[in-house]
Amino acid sequence: MTASEKYMARCIELAKMGAGNVSPNPMVGCVIVLEDQIIGEGYHQKYGEAHAEVNAINSVANPADLKKSTIYVSLEPCAHYGLTPPCADLIVANKIPRVVIGSVDPFAKVAGKGIQRLINAGIDVKVGILENECKELNKRFFNFHEKKRPYIILKWAQTLDGYIDIDRSKNEYGEPTWITGNDALVKVHKMRAEEDAILVGTNTAQKDNPSLTVRHCEGKNPLRIVIDKNLRLARTLHLFDNSTPTLVLNSIQNETQDNTEFVQLNFEKNILPQLLKVLHSKNCLSLIVEGGKKVLESLIAKDLWDEAHVFTGNKYFKSGIEAPKLQGKIVLTEQIENDRLIVYKNRH
């Protein structure tokens, strides 16, 4: 690993500390180096607040050192006025002579403009250090701006013999059929805390009465989304408790009631593109789909998924509702207590 790669790896490490708090902005880390010593570092901590470069520059004990330093940043410094001033201007103003960048920003208002501003100011700019790792760090952000839709993560739990549920009668509705253990549950809640939105279909809402919130770890709740075409779901379900923002996708009305927004879609057409358009308009960078089988399979059939997190519990049902089938590249296998998690990436 070269010195530049070492410092960029530190930028990535810092950036990850902002996970779950900066969306719809990207996670960004920044390191300032003088004579092979880190003299300042920072990361984007919260949406609407100072960017990584600002925090790193402010952390330098002697500002005069900036004129002799190299600044490393995992994503191209911004060149536009958003909620904060342009970071490229800040670097220029502090006369930092060298800038090393992990990846170009795909956001149209930046997209090379920050780099050009630095070059125009006579700064030595190097781009593409650990580029793949920097893009992977912000896969949600890149996907959102390049594909104009959220990064879609499918998630389900299945038994050793491939079932996601037993066949249940209505008097057995009201709580999920638990397949995995507590450690896997905590893992799922940590996952929820890092994503922007979470979706279930009508049957899952009715059968499991999920809260779709973060309760077993620290973190923010994702935007809850439920498909309820004919508004037949009971208002006593947890999803309608107004505890956290919730979208109800239906064919009947557009209306907002407290924390619950009813969004009318055209169910005569495929609702998936309509749903993704709504989420894009709300700046949701990522979506977890937790079921049920019908919703999961509709996304798989349209090749509308980026990752799948499949938990396998140490149980057999012998009959019931079969788990979805998908083809993808296995990128992670993890043992969690008595359960196993396999993460797939779509090959598209």
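Predicted model: local features only at pLDDT ≥ 70, side-chain atom pairs only at ≥ 80, totals over all residues.
1. Basis. Local features need pLDDT of at least 70 and side-chain atom pairs count only at pLDDT 80 or more, while totals for chains, interfaces and linings use all residues. Residues are numbered from 1 along each chain as its sequence is written, and side-chain values use heavy atoms, with hydrogens and water left out.

2. Cysteines. The whole structure holds zero disulfides (a disulfide being a pair of cysteine sulfur atoms within 2.5 Å). For Cys78, the nearest cysteine sulfur belongs to Cys87 and is 3.8 Å away. Cys284 has the sulfur of Cys217 as its nearest, at 19 Å. Cys78 is buried at 8% relative accessibility, and Cys284 is buried at 6% (buried means under 20% relative accessible area, with a 1.4 Å probe and protein chains only).

3. Sheet. An open sheet of five strands has the order β2-β1-β3-β4-β5, with mixed pairing. Strands are DSSP E runs of at least two residues, numbered from the N terminus, and two of them pair if DSSP finds at least two bridges between them. β2 (37-43) and β5 (124-127) each have a single partner strand, so one side of each lacks a neighbour in the sheet.

4. β1 (residues 29-34) and β3 (residues 70-75) run antiparallel and are joined by four bridges. Val31 has Tyr72 in β3 as its bridge partner.

5. Helices (DSSP H or I runs of at least four residues). α1 (residues 3-15) lies across β1, β2, β3 and β4 (98-103), at about 145° to β1. α4 (residues 113-120) lies across β4 and β5, at about 150° to β5. Contact means heavy atoms within 4.5 Å; axes are lines fitted to C-alpha atoms, for helices over the stretch in contact, and angles run from 0 to 180 degrees between N-to-C directions.

Methods:
Buried < 20%, exposed > 50% of the residue type's maximum accessible area, 1.4 Å probe, protein only.
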